[in-house]
Amino acid sequence: MKYTFKGGIHVNDHKHTAKCQVKLFADPKKVVIPMGQHIGAPCVCLVKKGDRVLAGQKIGEVPEGALGAPVHSSVSGTVEKIEKIADGRGMFVECVTITNDFQNELDPSVQVFPKKLSDATTEEIITIVKEAGIVGMGGAGFPTHVKISSAVGKATTIIVNSAECEPYLTANYRLMIERPHEIINGAKILMKALGIRNVIIAVEDNKPAAIRKMEKLTEGSENFKVVALKTKYPQGDERRLIYALTKKELPAGKLPADLGCVILNAESLSAIYTAFAKGLPSIYRIVTVDGDCVAEPSNVLVPVGTTVSELCDFCGGLVNLPAKVISGGPMMGVSLWSPELPVTKTTSGILVFSERHAPAEVKDDACIRCGRCLRNCPSSLMPLNIVASIKVGDLDGAASYNVMSCVECGCCSYGCPAGIPLVQYIKMAKGELRKKMKR
């Protein structure tokens, strides 16, 4: 049986790097560490210009009582400067630039957890995850320790999200092929923290090698179940994933734990294992580097804070004039305004496209009322009506069509024959409505 959901689209997967073994890029010349790499409040910077920092050292702390996750240095070296930089979404965030001394000297705080997993308490595991600064590494960036805390006593099933439904991206796939034990052991740590015995590993059926690998590792276990999801975008969205596996709709404003589920990305579980078994905070991640401009498309294990330009140089440099650089996947990623912006904890991919694959202009013709966006919308919204309201400045009208429930997956824009950038209009309206609610 292949599990799926209502709506969504089929896209060319372009998984060119699926057979590319993960390469280690350990020595960037510098790293740029943003204080905000998560949902919630930016961290308060703990260092100043001229300070020497060590790999794994905490350099950003969450404000008291705020939602967030601490930030650590991924290299040892000297703080070159601290300045506010606009990220890919145009939000200014404080960033610490560290010049690498290539000594890779670890901070004394990097310590293996001294107890066996069987002796660890829920509070101890949550503290490890919190202090390691682990967030949702599939792109959302929600602090993982908060997700675990909110699921205590409510969740009965752990869902390992290994769908990786975005085109081009193969970072999670390579993790499942090369280091599957880290995912399994991360899930076991989470099982201990939550007192849960049921784990579902969900993988799209276009990754048969990964399914076989996970099935072999969990063979004979009553606690683990590997399921094949029908390949369809956006299968990795947690609401779609819950529906595909349980046929239950997660109501707006509710958390997966309210339906008895806690969902973590495969790489987030790997980070939990690394923090528990090796003492390392979240300072590395696997990034897929691809696009028609990249000389050697690759999967790279890269220190958080490495600039896009250095990462592309590591992958052989560029062979075409780039027209667009995307952080993340082509459907839900963001265009970067500068190649000097850094890889963050949530950067699953860096895609560099020429004008041929990323035209500078969109058509934005008149809507022909074909209804394709309605059929494709996995959230059962009415994108054409929402955008019609937005175009005449009627934000209340857009709100009445439940615009805030849009997950910004881009299915509507992808299938629009008039070339209307529906999701861009919706993002803009959601931003204005948030400002209005804040006022």
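Guide: Let's start with a pair of strands: β9 (residues 157-162) and β10 (residues 199-204) run parallel and are joined by 5 bridges. Within this pair, I159 stands opposite I200 in β10. Strands of a sheet pair through backbone hydrogen bonds, either parallel or antiparallel. Here, two strands count as paired if DSSP finds at least two bridges between them. Strands (E, at least two residues) and helices (H or I, at least four) are DSSP runs, numbered from the N terminus.

A quick word on what you're looking at: this is a predicted model, where local features need pLDDT of at least 70 and side-chain atom pairs count only at pLDDT 80 or more, while totals for chains, interfaces and linings use all residues. Residues are numbered from 1 along each chain as its sequence is written, and side-chain values use heavy atoms, with hydrogens and water left out.

Next comes helix α6 (residues 238-246), where R240, L241, I242, Y243, A244 and L245 are buried. Buried means under 20% relative accessible area, exposed means over 50%, and partly exposed is in between, using a 1.4 Å probe and protein chains only. What covers those buried residues includes β9, β10, β11 and β12, with contact meaning heavy atoms within 4.5 Å.

Now for the backbone around here. Most residues other than glycine have a negative phi, and most peptide bonds are trans. In the loop between β11 and α6 sits P234, and the peptide bond from Y233 to P234 is cis, with omega near 0 degrees. After α6 comes K247, with a positive phi near 60 degrees. Y168, in the loop between β9 and α3 (171-178), also has a positive phi, near 75 degrees, though not a glycine. With 10% relative accessibility, Y168 counts as buried.
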